[in-house]
Amino acid sequence: MTRPCRPPKPLNPPARGSAPTSSPLQGNPKRRQGVLPAGESQGKQSLTVHGRFVTLEPTRSPVPKPVRNVTRFTTCAAAGWLVIGCMALGLNVEFAVHSIAAVATVSASTVEDEPDDLRWIESLEQRRLFRLAGLALDQATRDQSDASRQQRAQVRRIRLEAAWAVETLGDERQTHWDEAHRLARTWIAESNNRRHEVLLKVQDALTWLAEAEVSRDEDAGAATRDARLAEKALTALRAAKQLLEPLEAGIPQWMNERDPRDQAAWDAAQWLALQRNIRFHLARVALERGHWFDEAQRVDRIEAFQSAAGQMEEVARVVALDEPLAWQIILAWARSAREINDLQQTLDVLVPPETRRSDEDWLRWIDQAPPELRGRLVAERIRLEQEAGAAAAAGRWAVRALEGEFGASADLDLAILERLLERYESTEDEAFQNQAVAWAKQIETRHGAYWGRRAQRLLVAGAAAGPVANLDLIMQIADERTLQGRIEEAEAGYTEALALARQGNRADIEKLATIRLAALAQAVGKYEIAAARFTEVVEKSRDAEEQSRMAWLAIWNRVQQLEPLAADDERRAMLEDELLAITTSFLDRWPEAEESGEVRIVSATRHALRGEWLESLEIAKGTAVDSAATERMSTVIDLVTIRLGAQLSNNSDANASSYERLATLCDAWIELAGAWQPPADGPAAGRRLERFVQGLRLVSLLPDPPEIDESTWAPRVGEWAGTALADAADEETGAKIAAWQAESRLAWLVQSVKRGAADSIEPTELEQFSSIAPAALIDAVQKMAQSRAAQGSADARRAIAQVELGLLDQCLGDQRVADVALRVRRDMARIDALLALGETEQAVSQIQKVAAERPDDGRLQRWVAERLVQAGTDHRSAALDQWRRVTSRNAPRTDGWFEGRYWIARLTAEGGDKTRAKQLLEFLKETPPGWDEAPNREALEALYEQVKR
């Protein structure tokens with residue numbers, strides 16, 4: 001068995017008490033000069049801003065430096081296998097998934113062995129094109145014929161989700177953490193390979209660690225500790241530990257499970273290398289745990305960091321320096337020592353004694369590290385020098401970093417920012433503050449949102465060192481206060497920035513500060529102030545897209561301003577009028593704006609709340625079918641259509657003008673529908689079809705429908721429906737589209753009935769009509785019945801009734817109509833159709849069934865009495881009994897009671913007993929107060945005159 005490589009001496013710290021030469025930590029007279037006093041300039045540095053770039057220039061040029069030859073590790077020859085090194089989640093994210101021992105092939109392999117598709121995916125990750133990278137990896141995991149490469153793709157896919165989480169915020173971040181864990185669980189459950197399962201579990205544990213480290217960074221920049229964030233981090237650390245500990249304990253057993261037929265099996269050296277990796281990550285768990293102890297738990301905090309350092313030291317003793325893991329240990333070990341201010345141990349780990357003779361000696365030493373870790377090592381060196389009081393030495397390393405000697409490193413750029421802030425704190429020179437702000441912007445541009453956020457927090461924390469004169473920094477401090485929930489401080493900051501921006505003619509900051517103040521006012525419910533602020537931005541902006549966006553936000557806040565006002569509040573009517581005027585102005589000015597759909601919803605809804613149904617529909621009609629607001633606007637249109645129909649049926653005096661306006665609206669609606677071309681995609685086709693059906697519903701409210709040529713419309717509607725159905729996203733959407741298509745045909749059928757022609761229904765159409773919602777189908781049948789009653793021809797009435805009965809019997813069986821109220825409406829419509837067809841006995845049987853099912857429904861029982869009268873003389877006795885029951889349910893002298901008395905007397909007379917009918921009417925007339933106040937007085941008097949003869 002190949003023994004693991006022993007680490008060279010520089011990785012192990014010197015024995016305690018042995019003082020390194022020129023140590024800045026042990027009273028050396030040159031400690032303020034830094035760790036490396038020899039061969040380097042110790043002169044002062046000045047920092048200068050060139051545009052948005054910061055340069056740190058020494059007053060004297062340093063000793064010329066040779067061009068460094070940065071080497072890249074490939075494999076540990078003794079172990080003979082590829083280590084997927086610290087790719088930092090494919091990004092420059094220091095804390096994210098660190099190196100894991102992932103076996104690529106049975107033999108020694110290099111990064112160059114990576115398949116072309118995976119190298120391309122890595123380039124997507126580095127450019128933060130996560131969605132594209134995810135799609136490519138998903139394809140790779142499905143299509144990869146080589147099992148080893150497929151397994152590597154799966155590990156990388158989990159890592160990608162974690163990287164994506166780091167670069168996002170809020171709920172979206174949590175979504176990616178959850179997806180990474182879900183993928184790991186799924187592939188672990190599906191795996192039949194021990195090694196692959198182990199690697200997936202390690203990667204899942206590293207995702208939990210990354211989640212805890214992100215939480216730690218958020219906590220470090222917050223004003224107060226968030227208990228939920230702390231619990232989230234601790235839960236993640238526990239999950240990582242629970243995954244790693246069984247793996248570490250199980251490795252000795254798995255080393256002996258080799259099957260001779262398994263050519264891809266790992267040898268002992270590989271298992272031991274993996275075990276060292278796992279032990280290192282367990283030490284990281286202890287390191288992260290230390291952060292979450294409160295001030296009252298200081299002893300526990302120190303013990304946690306000391307425990308982490310001890311575990312790092314233990315792993316370091318069995319790791320060779322040519323392994324990437326060694327350099328990660330150095331970084332983590334140095335941090336754990338620095339967290340408890342043990343700068344001596346930090347120095348011993350980060351700068352071994354034999355590397356302290358000159359900067360070049362140390363750089364030759366770190367040349368052995370993977371390139372992606374080199375910048376982080378220099379960053380730690382800068383922090384160590386700064387904390388040791390060697391500011392000049394820290395500045396010297398910053399100069400070399402700015403010259404690009406160490407390559408791109410987000411952590412190194414962050415260390416430079418820390419250096420700038422230290423200079424400002426010590427000198428209170430505003431130039432350093434301005435340079436820090438510019439450098440923070442560079443960090444976000446170079447490395448992404450996560451690092452930009454960390455840089456901003458450093459700026460805000462550093463602002464406590466002295467007065468803030470930089471306008472951008474004042475804004476960033478206010479932004480941070482907003483995120484921390486310190487609203488009053490944030491508002492004060494934005495107000496100060498607004499005043500300074502006006503004085504300094506900074507229009508960009510003036511507009512941004514106004515937007516921030518508006519958003520704060522909106523967040524705390526000061527809607528009037530928010531609306532005024534957003535309106536102010538509209539006036540200042542020169543960008544049409546921004547203007548429409550801000551105008552919409554002003555409208556939204558005005559709507560919120562209205563909500564709590566009572567209906568009789570004097571301000572409400574005034575604000576309503578102002579709001580409608582503003583929405584009208586918006587639609588005139590930005591008719592094609594993205595927000596126009598939302599504005600139309602507001603305007604249509606406000607008109608509807610005022611009972612202005614036609615005005616509401618006029619606004620709704622203009623909503624583009626591809627607008628995001630279309631679905632919600634459809635709800636408004638449907639409701640307004642129902643309310644408009646009720647108004648037209650209940651208010652005949654106003655119907656003439658209303659029908660005229662509705663006819664004009666319908667013409668415009670259908671004309672607009674006619675201008676639409678068949679769309680290329682299903683969703684748009686579905687929305688066009690829905691809008692067309694809405695127009696037909698409005699047309700159906702007209703007593704005289706317009707002449708529309710169905711032969712022109714039917715093919716177009718069919719094409720829309722066919723396209724929409726072909727591309728329907730799911731079964732529910734497909735059912736909705738099919739129902740719209742059937743409803744459009746049914747609407748034509750209703751209109752043909754109104755024109756006096758009842759088209760026959762084909763069996764295939766009945767199947768289509770079955771997809772219509774039962775309530776809509778019953779409504780259509782009832783509209784046919786209303787039109788049937790107005791037909792002069794008996795044949796036409798029978799034809800229409802036959803269509804009604806066909807729809808009811810074929811499309812509205814008991815299984816479809818589960819709701820009791822709808823079932824009653826269906827049965828009532830069927831009874832009316834049977835009576836119209838002369839099927840009296842069948843109708844009466846159905847009437848008796850309906851009456852028995854709902855004996856306590858007074859309105860239904862009255863309707864039953866009316867239909868029994870309509871059934872003819874054979875059922876007069878049953879009608880008389882039903883009217884007696886109806887009358888007994890009404891209090892004396894009420895409208896229903898008078899109506900029932902009238903029908904009892906009338907049916908008695910029609911049955912041949914006019915004397916009894918006369919007695920009933922005379923008793924009613926002579927008993928005070930008589931029938932003078934009865935609503936049917938004229939009918940009672942006319943009947944009395946008939947029976948007196």
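Guide: The axes of helix α20 (residues 527–540) and helix α21 (residues 544–562) come within 8 Å and cross at roughly 165°. That angle makes α20 roughly antiparallel to α21; angles under 35 degrees count as roughly parallel, over 145 as roughly antiparallel, 65 to 115 as roughly perpendicular and the rest as oblique. The axes are lines fitted to C-alpha atoms, for helices over the stretch in contact, with angles running from 0 to 180 degrees between N-to-C directions. The helices themselves are DSSP runs (H or I, at least four residues), numbered from the N terminus. The crossing of α20 and α21 is left-handed, a term used if the near helix is turned anticlockwise from the far one by less than a right angle.

The model is predicted: local features need pLDDT of at least 70 and side-chain atom pairs count only at pLDDT 80 or more, while totals for chains, interfaces and linings use all residues. Residues are numbered from 1 along each chain as its sequence is written, and side-chain values use heavy atoms, with hydrogens and water left out.

Helix α20 also takes part in a charged contact. Glu536 forms a salt bridge with Arg502, the closest N and O atoms being 3.0 Å apart. Since Glu536 lies in helix α20 and Arg502 in helix α18 (residues 487–503), the pair ties together parts that are 34 residues apart in sequence. A salt bridge here is a side-chain nitrogen of Lys or Arg within 4 Å of a carboxyl oxygen of Asp or Glu. Glu536 is buried, with a relative accessible area of 19%, whereas Arg502 is partly exposed at 45%. Buried means under 20% relative accessible area, exposed over 50%, and partly exposed in between (1.4 Å probe, protein chains only).

By the salt-bridge rule the count comes to 57. Another of these pairs is Asp881 with Arg884, whose closest N and O atoms are 3.5 Å apart. Both residues lie in helix α36 (residues 876–888), 3 residues apart, about one turn of the helix. An α-helix has 3.6 residues a turn, so residues three or four places apart point the same way. Asp881 is partly exposed at 33% relative accessibility, and Arg884 is partly exposed at 42%.

Salt bridges may also be joined into a network, as they are among Arg338, Glu380, Arg383, Glu387, Asp411 and Glu418.

How values were computed
Helices (H or I, at least four residues) and strands (E, at least two) are DSSP runs, numbered from the N terminus.
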